[in-house]
Amino acid sequence: MDWLIFFIGLFSGIFIRGVLSSFMDIGRIGLYIREAEKNALVMLATAAESIAFIQSIKYRAMKDMGIPEATIKSTKNIDDYNFSAWKNSAVSKLLAAYPEKFKGLKRYVDWNTAMDFLDKVYKKGHKE
């Protein structure tokens, strides 16, 4: 009888350890995903800032070269449309890359809400 109780306790302990270990692993993976998400958003925001700066230089150069204002305006409209589409596409692709288990972690749906989320994270000092 003592051996039976010993093996039941042993296997119960192994099972409980496996379950607790799985929960801890899921928690660690969730934290890793959140940190990777923040870093990806920072990279996207930095790229967007660089693109906006390059576009402003482009428009200034077009004006300095004497290109008609209507052409500059239409170019700017096209660039704004494409830039907006790029930003929303980048966020959509980031969200699509989430593992199925962590789809519930998403806290934004487009560029503006993603940047609002990033602002909140930085105001809290990366504590999110």
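Predicted model: local features only at pLDDT ≥ 70, side-chain atom pairs only at ≥ 80, totals over all residues.
The protein contains three helices and zero strands, and its elements follow the order α-α-α from the N terminus. Its radius of gyration is 25 Å, well over the 14 Å that the globule rule gives for 128 residues, so the protein is more spread out than a compact globule. The C-alpha trace spans about 95 × 25 × 20 Å along its principal axes. Of the 128 residues, 23% are buried. Among contacts between residues at least 6 apart in sequence, 57% join residues at least 24 apart.

Helix α1 covers residues 2-64. This helix has 63 residues, and the distance from its first C-alpha to its last is 93 Å, close to the 93 Å expected at 1.5 Å a residue. Its buried residues are G30, I33, E37, K38, A40, L41, L44, A48, Q55, Y59 and M62; these pack against α2 and against α3, which comprises residues 111-123. I54 also lies in helix α1. With a relative accessible area of 56%, I54 is exposed, because exposure is assigned over 50%. The C-alpha atom of I54 is separated by 21 Å from that of A40, the two residues being 14 apart along the chain. After α1 comes G66, which has a positive phi near 85°.

Helix α2 spans residues 69-96. The 28 residues of α2 should span 40 Å at 1.5 Å a residue, and the end C-alpha atoms are 40 Å apart, which agrees. In α2 the buried residues are I72, T75, D79, F83, K87, A90, V91, L94 and L95. The elements covering these buried residues include α1 and α3.

The axes of α1 and α2 come within 11 Å and cross at roughly 170°. Angles over 145 degrees count as roughly antiparallel, and α1 and α2 are therefore roughly antiparallel to each other. On the α1 side, the contact involves A40, L41, L44, A47, A48, I51, A52, Q55, K58, Y59, M62 and K63. These meet E69, T71, I72, T75, K76, D79, F83, W86, K87, A90 and L94 in α2. By class, the contact of α1 with α2 has 14 nonpolar, three polar and six charged residues. Several of its members are also buried, including A40, L41 and Y59 in α1 and I72, F83 and L94 in α2.

Note on methods
Residues numbered from 1 in each chain as written. Heavy atoms only, no water. Axes fitted to C-alpha atoms, helices over the stretch in contact; angles between N-to-C directions. Helix = DSSP H or I, 4+ residues; strand = E, 2+ residues; numbered from the N terminus. Parallel < 35°, antiparallel > 145°, perpendicular 65-115°, else oblique. Contact = heavy atoms within 4.5 Å. Nonpolar A, V, L, I, M, F, W, Y, C, P; charged D, E, K, R; others polar. Expected span 1.5 Å × (residues − 1). Buried < 20%, exposed > 50% of the residue type's maximum accessible area, 1.4 Å probe, protein only. Rg over C-alpha atoms; globule rule 2.2 N^0.38 Å.
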